[in-house]
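The following note sets out several points for the colleague who will examine this entry. Please read each one alongside the coordinates.

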Amino acid sequence: MTRTWSGATVPWYPPPEGVHPPLDSPEYRSTARRHPHEPLVLLPQRLTEITGPVLGDGRVGPLDHDLTRQHAAEPLGQRIIVHGQVLEEDGRAVPQTLVEIWQANASGRYRHARDNWPAPLDPNFTGVGRCLTDADGYYRFVTIKPGAYPWRNHDNAWRPAHIHFSLFGRAFTQRLVTQMYFPDDPLFSRDPIFNSVRDEKARERMIAGYDHDATQSQWALGFRFDIILRGQHASVFEEDDDD
């Protein structure tokens with residue numbers, strides 16, 4: 001499909017219906033200021049987008065996947081293991097793709113200059129991790145279950161506990177962002193970001209499943225969160241933001 005934009009005919013791909021949230025979701029007030037007002041167009045890939053930067057093992061440190069061991073002492077909170085598989089729409093695994101996460105600490109506060117609500121910072125928790133998927137597309141993180149936190153979208157607004165996921169291809173121009181939620185959160189019905197995804201089955205794919213096989217006795221609870229990049233059962237992806 002093509003469209004005319006700025007006097008030129010360019011390729012255009014309509015977004016898939018029913019999976020991803022609309023870019024302008026009135027209940028999520030920030031989208032009124034940040035959503036595009038013109039149709040999205042496909043930009044041509046030039047040499048720099050194709051050849052680099054290359055994301056490989058050398059960019060991932062030995063403790064990047066374990067957010068509980070990145071500082072001198074252990075962070076406070078419930079230790080969890082989050083793992084899963086990155087897949088194409090036909091079930092093929094996506095190996096050697098960079099997966100990054102960022103999250104609030106156990107009290108629901110980010111280590112960020114703009115996050116100043118009165119919840120304690122944890123000196124032993126930065127809330128950022130990364131790893132490469134293995135040959136079968138699997139990733140694994142050890143971290144702390146994040147807490148809920150207030151935000152300024154509406155009166156008495158609180159975000160459910162969640163972890164942000166970012167997936168890269170072989171270059172920084174190939175990036176997808178989503179959020180992982182936890183089962184049975186009482187804030188789901190009150191969160192306009194979660195509910196901006198209109199399709200109920202698509203919302204369910206944003207919720208991790210408790211995984212008793214991944215749970216380690218006397219150590220950590222396990223959760224499984226698979227990510228499907230395309231197709232009818234694709235994971236829900238979003239615009240990059242800090243909420």
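Where is Asp191 found? The points below begin with that residue and then turn to other parts of this predicted model.

1. Asp191 is located in the loop between S10 and H3. With a relative accessibility of 0%, Asp191 falls under the 20% limit and therefore counts as buried. Leaving out residues up to four places away in sequence, Asp191 touches Trp151, Trp158, Arg159, Pro160 and Tyr181. Its side chain also reaches the backbone nitrogen of Phe194, at 2.9 Å.

2. One of the contacts of Asp191 is charged: Asp191 forms a salt bridge with Arg159, and the closest N and O atoms are 2.8 Å apart. This pair links distant parts of the chain, since Asp191 sits in the loop between strand S10 (175-181) and helix H3 (192-195) whereas Arg159 belongs to strand S8 (residues 157-159), 32 residues apart. Arg159, too, has a relative accessibility of 0% and so counts as buried.

3. How many salt bridges does the structure hold? There are six. Side chains of opposite charge can pair when their charged atoms come close. Besides the pair already described, Glu100 forms a salt bridge with Arg130, with 2.5 Å between the closest N and O atoms. Glu100 lies in strand S4 (residues 98-103) and Arg130 in strand S5 (residues 128-132), so this pair ties together parts that are 30 residues apart in sequence. Both Glu100 and Arg130 are buried.

4. A further salt bridge joins Glu74 and Arg79, whose closest N and O atoms are 2.6 Å apart. Is Arg79 buried or exposed? Its relative accessibility is 15%, so Arg79 counts as buried. Glu74, by contrast, counts as partly exposed because its relative accessibility is 43%.

5. In soluble globular proteins, nonpolar side chains tend to be buried together. The largest nonpolar core of this model has 24 residues, of which Val99, Tyr139, Phe141, Ile163, Phe165 and Met180 touch the most other members. Two or more residues of this core come from each of strand S3 (79-87), S4, strand S6 (138-144) and strand S9 (162-168). Another core, of 11 residues, lies apart from it and includes Tyr181, Phe188, Met206 and Val236.

6. Which residues is Phe141 in contact with, leaving aside its neighbours within four places in sequence? They are Asp64, His65, Leu67, Ile80, Ile81, Val82, Val99, Ile101, Gly129, Arg130, Cys131 and Phe165. Among these, Val99 and Phe165 are also named with Phe141 as the core members that touch the most others, while Arg130 is the salt-bridge partner of Glu100.

7. Tyr149 lies in strand S7 (residues 149-151). At 7% relative accessibility, this residue is under the 20% limit and so counts as buried. The side chains of Tyr149 and Tyr110 are joined by a polar contact of 3.3 Å. Tyr149 and Ala119 are 30 residues apart in sequence, and their C-alpha atoms are 8.9 Å apart in space.

8. The unreviewed UniProt entry carries the annotation "domain: Intradiol ring-cleavage dioxygenases" over residues 82-110. Across residues 82-110 the model is 0% helix and 41% strand, and 19 Å separates the end C-alpha atoms.

Terms used. Residues numbered from 1 in each chain as written. Predicted model: local features only at pLDDT ≥ 70, side-chain atom pairs only at ≥ 80, totals over all residues. Heavy atoms only, no water. Salt bridge = Lys/Arg side-chain N within 4 Å of Asp/Glu carboxyl O. Buried < 20%, exposed > 50% of the residue type's maximum accessible area, 1.4 Å probe, protein only. Helix = DSSP H or I, 4+ residues; strand = E, 2+ residues; numbered from the N terminus. Core = buried A, V, L, I, M, F, W, Y, C linked by side-chain atoms within 4.5 Å. Contact = heavy atoms within 4.5 Å. UniProt positions renumbered as here; feature names shortened; annotations may be inferred. Polar contact = N/O pair within 3.5 Å; in protein donor to acceptor, adjacent residues only side chain to side chain.
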